[in-house]
Amino acid sequence: MPNSAIVLLGRILLSIIFILAGFGKLTGIAGTAQYFASYGLPVPTATAVIVGLIELLGGLAVLIGLQTRIAAYVLALFCIASALVAHMNWADAGQLINFQKNLAMAGGLLVLAAFGAGAYSVDGRRG
């Protein structure tokens, strides 16, 4: 499989979780805001909208390869912040797994940010 196809597959796999999570947050703002409030996050409804938009739009940008480096940096930072805010109870195996998952996704996103979206992307067509 050529490298460009592998990068495309990687972008698709990375983007799915963000697109679905962002869509879920934006279509369930009340529940998301309540969940965020339980973590003591400020202005939970506004935070839910912002987080939902970051995930949805960032995921879509990674998927189609539009401004990929910027989107990947933003999502990597988001993954690290999310791990540190919501997944620090390592006595809970699920929390530990989510913490590690977030760090792994951040790592993949940083690789994507460093090397770009590849030929099969909007960025690759412009470039």
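1. Start with helix 6, residues 122-126 of this predicted model. Arg126 and Asp123 sit three residues apart there, so about one helical turn separates them. The two form a salt bridge, with the closest N and O atoms 3.9 Å apart. A salt bridge needs a nitrogen within 4 Å of a carboxyl oxygen, so this pair qualifies. Arg126 is exposed, at 54% relative accessible area. Asp123 is partly exposed, at 23%.

2. How many salt bridges does the structure hold? It holds two. Lys25 and Glu55 also meet in a salt bridge, at 2.9 Å from N to O. Lys25 lies in helix 1 and Glu55 in helix 3, so the pair ties together parts that are 30 residues apart in sequence.

3. Are Lys25 and Glu55 buried or exposed? Buried means under 20% relative accessible area. Lys25 has 18%, so Lys25 is buried. Glu55 has 5%, so Glu55 is buried too.

4. Now look at how helix 1 and helix 3 (residues 44-64) pack. Their axes are 7 Å apart, and the angle is about 150°. That makes helix 1 roughly antiparallel to helix 3, because angles over 145 degrees count as such. The crossing of the two helices is left-handed.

5. Finally, check the surface. Leu9, Ile12, Leu13, Ile16 and Leu20 form a nonpolar patch there. Together they have about 450 Å² of accessible area. Ile12 belongs to helix 1, residues 3-27. Ile12 is partly exposed, with a relative accessible area of 31%. Patch residues need over 30%, so Ile12 passes that cut-off.

Note on methods. Residues numbered from 1 in each chain as written. Predicted model: local features only at pLDDT ≥ 70, side-chain atom pairs only at ≥ 80, totals over all residues. Heavy atoms only, no water. Patch = residues over 30% accessible without salt bridge, like charges linked within 9 Å, V, L, I, M, F, W, Y side chains within 5 Å. Areas by Shrake-Rupley, 256 points an atom, 1.4 Å probe, with all protein chains shown as cover. Salt bridge = Lys/Arg side-chain N within 4 Å of Asp/Glu carboxyl O. Helix = DSSP H or I, 4+ residues; strand = E, 2+ residues; numbered from the N terminus. Buried < 20%, exposed > 50% of the residue type's maximum accessible area, 1.4 Å probe, protein only. Axes fitted to C-alpha atoms, helices over the stretch in contact; angles between N-to-C directions. Parallel < 35°, antiparallel > 145°, perpendicular 65-115°, else oblique. Left-handed = near helix turned anticlockwise from the far one by under 90°.
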